[in-house]
Structures are given as C-alpha cells and as structure tokens.
Amino acid sequence: MSAAGPRSGRGRRRGPASVVPEAEFRSYYGLPVLNRPTWKPLDIAGYLFLGGLAGASSALAAAVSTGAAPPPGRVRPGLVAPLRFGAAGAIGLSLVALVHDLGRPARFYNMMRVFKPSSPMSVGSWILSVYAPAAIGTAALDVVPLPGRLGPARRPLQHAAGLVAGLAGPAVATYTGVLISDTAVPAWHGGYREMPFYFASSASSAAGGLGLLTAPVDASAPARRLGVAGAVAELAVGRVMRARMGLAAETFERGRAGRLLRAAEALTAAGAGLALAGRRSRAVSVAAGAGLLAGSALTRFGVFHAGVASAEDPRYTVQPQRESLGSRPSEPPEPC
Amino acid sequence: MPVGTDPAAGAGWESHPARVGFFTDTSICIGCKACEVACKEWNQVPDDGLKFSGMSFDNSWGLGADTWRHVAFIEQRRPVAATGGAAGPASPPGAAGELRWLMSSDVCKHCTHAACLDVCPTGALFRTEFATVVVQSDVCNGCGYCVPACPYGVIDQRKEDGRVWKCTLCYDRLKDGMEPACAKACPTQSIQFGPLDQLRERAAGRLEDLQERGVTGARLYGDDPHDGVGGAGAFFLLLDDPEVYGLPPDPVVTTRDLPSMWKRAGLAALALAGAVIAAAR
C-alpha cells in the first residue's frame, strides 16, 4: 500500500523495501488493545465461504429454473439440480459449523430468543431460519418422495421452496459482510463500505464455480457467466477495499492472510480465465470451477486471518485512532 | 431525556435509579491490586493461570473473562515531577534516568452506546436499571460476537465454560445499595463509585487541581458524552496518553455505522440478484 497521507506524530514514511522502523506509536508493552476474536477459523471463515456459496447457488438455481415457459433447449436440469444440492449441502455444513463454534452449542436456540436489528448475527440467524429449510427442502424434494396423495404437490412445492431460497440467498451471501464489519477489528470494520460487495462477488464466483464443476458444458453457461462476473468483481472490489482502508490494509498483505489472499487472487483469476477459455471442454470447465471455488474459500479465510492479525497488533488500533483525533502522541515511545 | 444521556430509560426502564459508574483517578493509584483481588473474591472469578509477563509488576496482562479489574504498571524513564512531558515543567539536568510509575486500574467502561450489548444476538447482554451493562450467564450461548465488538478489549470468553464474562459493576451489590467490591477495597480512593453526574463534577475539579499544580499531563478519559461511545460509565483520570495504559485513544461503537452497512448489504444483495438474473438469461 502507499504511504500517502500523514501518519501519526513522529511517523516515518515507509517504502515497500523499507528496513527502518515503522511509524512509531505508543502502547502498553506492545500488548493488543482488543481481545482476539474467539471464533474458530475453520468454523467461521468456513461459514463465510459456505454461506456465500449456498446463497448465490440458490439464487442462480431459482433464476435458471424460473421464468415464463423457457423455450426448449433453455431448460437446464443439468445445472439446477447440482446447484440445489450444493446449496443444501453447503448450508447444512454451515449450520453445523455455526453451532459447533458456539461456546455453549446446546444453547444454539437462544439465537431465536429475540430479534435484534442492532445485531447482524441476530438478523442473520433469522435470515438463515427462512433460508436453510427452504434450500434444504428444495434439494430434498428431488429425492424424497411425498407420501400418497401429496405426490402431485411435489413439483409446485419444490418450485415454491426454491423461490424462497433464491430470494433469501442473496441476503445470506451479503449479511456476513455486515457481521464481521460491525466489530472493532480494524481490518474488518475498516472495510465496512466494501465488505458486502466483496462477499457478494466472492459468493457469485463460488456459485459459478460450483455450476462449472458439476454441470455438463451445454448447461453451464449461466454458471460460467456468473462465475466470471463474480471473479472479476471480487478481484476489483478487494483492491478498492484495501486501497480505502488505510493502515489495516497491511494485514491483507502480510503473513498468513497475505499468503491466503495472494493464493485466492491467483486461483480466482485462473478460474475466470479457464472459464472463459473452456466453453466446450468439460475438463477445462471442471478446472475453472475448482479454481473459482478454491479462490472464494481462500478469500474468506484470508479476510478472517487479516482481521485476527489486525486485532492482535495494537498499531492498527492506536495509530488510526490517533489520526482520527488529529493529535500526536504527547511523548515519543519509550526506548526499550 | 434523550437516550444518549439516560441509557436506562433508553433500554425501557420506566423508573430507575440514577446512572452510576466509576471514576478511576490513576494519579493516586498505588498499584496494590486490592481491586483485582476484591473483584475476584466477590464475584468468584476463577483463576486463569499465573503467567509471568516479565514486563512489569503486571502479571494479569489485561482485562478478560477472568480478570474484571486489571492494574496496569508502566515504568517510564522520566523525572517524577515532569508528568506533563514536553509541555510540563523543565526537568533538572541529569534527572532523565529517573523512573516514574504510572499505575491504573482498568475495568469495563459500561459504555453509553455499548457495542457488546448492541451485537449480542441472544439478549444475554442487557442494560440494567443502573445503566450498567451485564451478561446474563443463563442466556449466553457463547457465540463470541461481543468479543471483537468491544473497542476496549474488555469482554472475553472463558474457554472451559464457553460463555463470555466481564465486570457487572457488582450488579448484585448495587441491588442491595452497596458499592462495588473494587471501590470498597481501594485504599486510596483511586476507584470512586457513585452517580455518574457527581463523579464527572468531581473529576473535573480534580483535573483542574492537578493542572494548577503543574501536572499538565493529566487528562480525563471517557468522560465526554460526545465521544465515540457516547461517554463511558467508567472513566479515568490519566497522566499520559491512553494507549500507554493499553486504552484505545478514540474508541468508537461500530454499530454507529450499522445503518450504512445494512444499506450497503442491501445494495450488494440486489446487485447479486441482478447478476444472477442476467447470468440466467
């Protein structure tokens, strides 16, 4: 990132290859100001990915299977079914991960105790309470026969459930951007303007990837279009977000988060490229789909770990707040 | 009264006692840790291990699930008198190697606009009639959302228990008209408990007094109802920058930006729906 803009007080400007100490800030023995998020990376970063994948997949499945009497040749059962099953599986795993992450899993139902618009997690719980049964039901109706006289209701019921899942899907894929941004974690809150768009793009890329991975090439055109659009948007929005974030953007470039996000960008870009190149090749499409899915997953893990890194280093809390106060530290840091 | 100045009323308490809080005057803290001990004893807060920090007399590190009062020790190589730093009285030559101690007992701020309370999805965190913020341990399901939400790093999850814990401002003692255990135990009245209005007046007087005496580094922290958390229920008189004590210089309740965040999430959801419909054609 650029070193433009004044740093606090006695800060030095840093070049990319700088070996001098970074902008000075004061702290309590270098200990973090914030408490480290207690969320388990596999559960919560995993959910950010799976929830996005599920939500966007349901939306795509609904869009593809709905529409006034699609002309012959435009019906794509080869795409709709895997998207529905993918969404159901992803959201099922998500629910397991979310409950597993709780300190008191047996009390998961307390999420439904109140509805609090001030809590993105409460809002998300209610969104999931609509979405998850609809998404899982849509897929289940493909394989579970309805008893006796209910038999003929199967298709309409599935269509209705698919529509509910398709409408709730975009909410599932985007509220998580608010969920992590509404915290004091510098790398998460610092991206609150872009995070929902970042996650929506990443979810589109993942759903497109799922379609490319599972559907035959003659059916996967919608997934290809969505995957490529999502990938391009994800790469662009990610860059915009980091450019606007200020100091905490460093945590997206360094350490574990940096490695994850560089791999994510490479996989996403490669996936999009292969998706464009492999319109007629099943093998290339499968590779494209795998690349997009892996890229989306690593993006979420990268964002998660950037947040943790920004919470663990007091610099990212103290320095921007000093700047927002428009004041210098009253003393230079103690020589150690 | 607007919600900002009467959080208890804002939380739905129709009749309620005056808002109470702590004024921690660190200029008279002697670092005895009686507050830490009294808090642990009264609230039966479990042991969380003895970890030698090697940095100072502080081996309790910071606030967390099992440390609800935390005494910070800061050793500084500067003349004791020159508490104002560069702006303070001129230090005599040769005095630069001397040491001054800063000690401060930190605690939950019981914010006017409390992020932990805002984001809690179960309603386990609630605003009491005293306008303090308390976790109901029989409701908390350990989702952990309050932990990264707190701009001060106060609340945390107790690993073996799964739930989150923090200072209750001795809710049980308040109910019986008693002062919190830490304030009761403080031998120097560094920790003062009382109605917040009175504490703010007293703190302003103390600050003026110290500044007249040349302690120009003295400043109040968390007393301003116009700050990023709407003012803290537990505020401090500090002798140096807040970050030196491990406190954030300009904490903000991030739910302040929530309307804008929801608007953006709505736009992003619409954009996603639009992209999906366009892709499906």
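## Close-up views of a predicted two-chain model

**Figure 1. B:Leu220 stands opposite B:Leu237 of strand S10 in chain B.**

**Figure 2. Strand S1 of chain B runs parallel to strand S10 of chain B.** Here residues 20-25 form S1, residues 234-238 form S10, and four bridges join the two. As a reminder, strands of a sheet pair through backbone hydrogen bonds, in either a parallel or an antiparallel fashion.

**Figure 3. Four strands of chain B make an open sheet in the order S8-S1-S10-S9.** The pairing in this sheet is mixed. Strands S8 (191-195) and S9 (219-221) of chain B lie at the edges with a single partner strand each, so one side of each has no neighbour in the sheet. From one strand to the next, the twist averages 20°.

**Figure 4. Strand S10 of chain B is largely enclosed by the rest of the structure.** Why can we say so? Because five of its five residues are buried. In a regular strand, side chains alternate between the two faces of the sheet. In S10(B), B:Ala234, B:Phe236 and B:Leu238 point one way, B:Phe235 and B:Leu237 point the other way, and all are buried.

**Figure 5. B:Ala38 lies in helix H2 of chain B, which covers residues 34-43.** Is B:Ala38 buried or exposed? It counts as buried, because it has 20 C-beta neighbours inside 10 Å. Leaving aside residues up to four places away in sequence, B:Ala38 touches B:Ala181, B:Cys182, B:Lys184 and B:Ala185. For B:Ala38 and B:Ala185, the separation is 147 residues in sequence and 6.4 Å in space, from C-alpha to C-alpha.

**Figure 6. Chain B is assigned two domains, domain 1 (7-250) and domain 2 (254-281).** Taken over C-alpha atoms, the centres of these domains of chain B are 39 Å apart. The C-alpha trace of chain B spans about 80 × 45 × 45 Å along its principal axes. Eight helices and 10 strands make up the count for chain B, and 53% of its 281 residues count as buried. Among contacts in chain B with a separation of 6 or more, 65% are between residues 24 or more positions apart.

**Figure 7. Chain A gives 68 residues and chain B gives 60 residues to the contact between them.** On the side of chain A that touches chain B, the elements giving two or more residues are helices H1 (41-65), H3 (120-143), H4 (154-181), H6 (195-214), H7 (221-245) and H10 (314-325) of chain A. Which helix gives the largest share of this side? H4(A) does, with eight residues. Sorted by class, this side of chain A holds 38 nonpolar, 19 polar and 11 charged residues.

**Figure 8. Helix H7 of chain A has 25 residues, and its end C-alpha atoms are 36 Å apart.** That agrees with expectation, because at 1.5 Å a residue the helix should span 36 Å.

Technical notes. Residues numbered from 1 in each chain as written. Chains lettered and ligands numbered in written order. Predicted model: local features only at pLDDT ≥ 70, side-chain atom pairs only at ≥ 80, totals over all residues. Pairing = 2+ DSSP bridges. Axes fitted to C-alpha atoms, helices over the stretch in contact; angles between N-to-C directions. Contact = placed C-beta atoms within 7 Å. Nonpolar A, V, L, I, M, F, W, Y, C, P; charged D, E, K, R; others polar. Buried ≥ 20, exposed ≤ 12 C-beta atoms within 10 Å, placed from the backbone. Domains from an automatic or database assignment. Expected span 1.5 Å × (residues − 1).
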